[in-house]
Amino acid sequence: MQAKTGLSVAALDEQRRILIARLTPFAIFAAGLIVALVIRKIALGLLKRRLKNDGTFGHVVLGVIRVPSILWCLMAALEVAVRYAPLTKSQVNLASDLIIAGLIVSLTLVASSIAVRMIVVHAHRKDMPFAVSGLSQTLMRVFILLIGALMLLRHFNISITPALTALGVGGLAVALALQDTLANFFAGVHILVETPIRLGDFIKLSGDEEGIVSDIGWRTTRVRTGQNNTIVIPNTKITSGILTNYSLPERRVSVDIPIIVALDANLEQVAAIAMEVAAGTTGVLAEPSPVVLFDPGVLPTHLQFKLVVQVADQLSKGSVQSTVRANLFERFRDTGVPLPAISSVAVVQS
């Protein structure tokens, strides 16, 4: 009995020792994770309190690292477990590979997000709309992710030569199958480099599609119309078709407003009223100043002037024209400027 009891106690001690040995790495990992999460919370809190202005590099970094920092805490806890827990050599090697792979992936994602966001912030400050487009952001993100993928492959001693060979052979077939897609992609790159259009430009295509450019993507360009609809245009249509950009070389546009009065109207009075109405109309730019031209001049049934004003952009054109016309009609009626009254005889003779 004593032998059996002694044996059972020894077996229990051995099982207890094995259990402790197995649970020790998890306990160390949990303790390291708790400490890392506490440090993360304190560090993010201090960083948030120190930052004052939105759009700075610190704000961009703070917004990007919130989620990846949790992964860093996991990697730190795993590193602590590797250093202080009783693990086999294969377990240590596996954990080390996971730590390095996790760091490479997380740092690559963080770098790509920071680069894209900083490009957007810098583009807004320096008025470079092309940098805000979806295509430019995608190209930057893909470039950084490709570097991260190459680093990951190199860490695991994976040769990229066979992959490049396979891509070269298969790429030809893909290129033939996706000719239109690739043509639109390179047309998008051409748009970003040559900048015939920019985000926010008011454009009109030869097919009478017009509106404000809202995005330049890797395959299509999106244009928002005055009815608040979106026109999706393949990039090749932008680069190969006839395009009118009302925002280049500047957004300011000139507006011609015809003025028709009777043959016996006073020319100087009409011109003075036109200048006064133009100067008092909201939306008409003071520089360059409005101009009144006696053009085309004397016609068989009336006199015709042309009032030329400048407005801020193409979108303001319609409302300014309507306001100037209404104000001119009111002033002509109040001051007694005669308007043309074409009789039936005159219509027949014409």
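These questions and answers walk through a predicted model.

Reader: How many helices and strands does the secondary structure of the protein come to?
Author: The protein has 350 residues, and 29% of them count as buried. Its accessible surface is about 21,800 Å², with 63% belonging to carbon and sulfur atoms. The secondary structure comes to 11 helices and eight strands.

Reader: Which strands are the edge strands of the five-strand open sheet?
Author: The order in this sheet is β4-β3-β2-β1-β5, with antiparallel pairing. An edge strand here pairs on one side only. The edge strands are β4 (230–234) and β5 (243–245).

Reader: Which residue in β2 does Lys-204 stand opposite?
Author: Strand β1 covers residues 202–205, and strand β2 covers residues 210–216. They pair in the antiparallel sense over three bridges. In β2, the residue opposite Lys-204 is Glu-210.

Reader: What is the average twist in the three-strand open sheet?
Author: This sheet has the order β6-β8-β7, with antiparallel pairing. Its edge strands are β6 (253–261) and β7 (291–298). From one strand to the next, the twist averages 25 degrees.

Reader: What is the bridge partner of Asp-256 in β8?
Author: Strand β8 spans residues 303–311. It pairs with β6 in the antiparallel sense over nine bridges. In β8, the partner of Asp-256 is Val-308.

Reader: At about what angle does helix α9 run to β8?
Author: Helix α9 is made of residues 267–279. It lies across β6, β7 and β8. Its angle to β8 is about 20 degrees.

Reader: Is Gln-321 buried or exposed?
Author: Gln-321 is found in helix α10, residues 317–335. Leaving out residues up to four places away in sequence, Gln-321 touches Val-255, Asp-256 and Ile-257. The cut-off for buried is under 20% relative accessible area. Gln-321 has 15% relative accessibility, so it counts as buried.

Reader: How does Leu-46 count by relative accessibility, and why?
Author: Leu-46 is found in helix α1, residues 2–50. Buried means under 20% and exposed means over 50%, with partly exposed in between. Because its relative accessibility is 43%, Leu-46 counts as partly exposed.

Reader: What accessible area does the nonpolar patch with Leu-46 have?
Author: Leu-46 forms this surface patch with Ile-34, Val-38 and Ile-42. Together, their accessible area is about 370 Å².

Notes:
Residues are numbered from 1 along each chain as its sequence is written. This is a predicted model: local features need pLDDT of at least 70, side-chain atom pairs count only at pLDDT 80 or more; totals for chains, interfaces and linings use all residues. Side-chain values use heavy atoms; hydrogens and water are left out. Patches are made of residues with over 30% relative accessible area and no salt bridge: like charges are joined within 9 Å, nonpolar side chains (Val, Leu, Ile, Met, Phe, Trp, Tyr) within 5 Å. Accessible areas come from the Shrake-Rupley method with a 1.4 Å probe; for residues, only the protein chains shown count as cover. A salt bridge is a side-chain nitrogen of Lys or Arg within 4 Å of a carboxyl oxygen of Asp or Glu. Helices (H or I, at least four residues) and strands (E, at least two) are DSSP runs, numbered from the N terminus. Buried means under 20% relative accessible area, exposed over 50%, partly exposed in between (1.4 Å probe, protein chains only). Two strands pair if DSSP finds at least two bridges between them. Contact means heavy atoms within 4.5 Å. Axes are lines fitted to C-alpha atoms, for helices over the stretch in contact, and angles run from 0 to 180 degrees between N-to-C directions.
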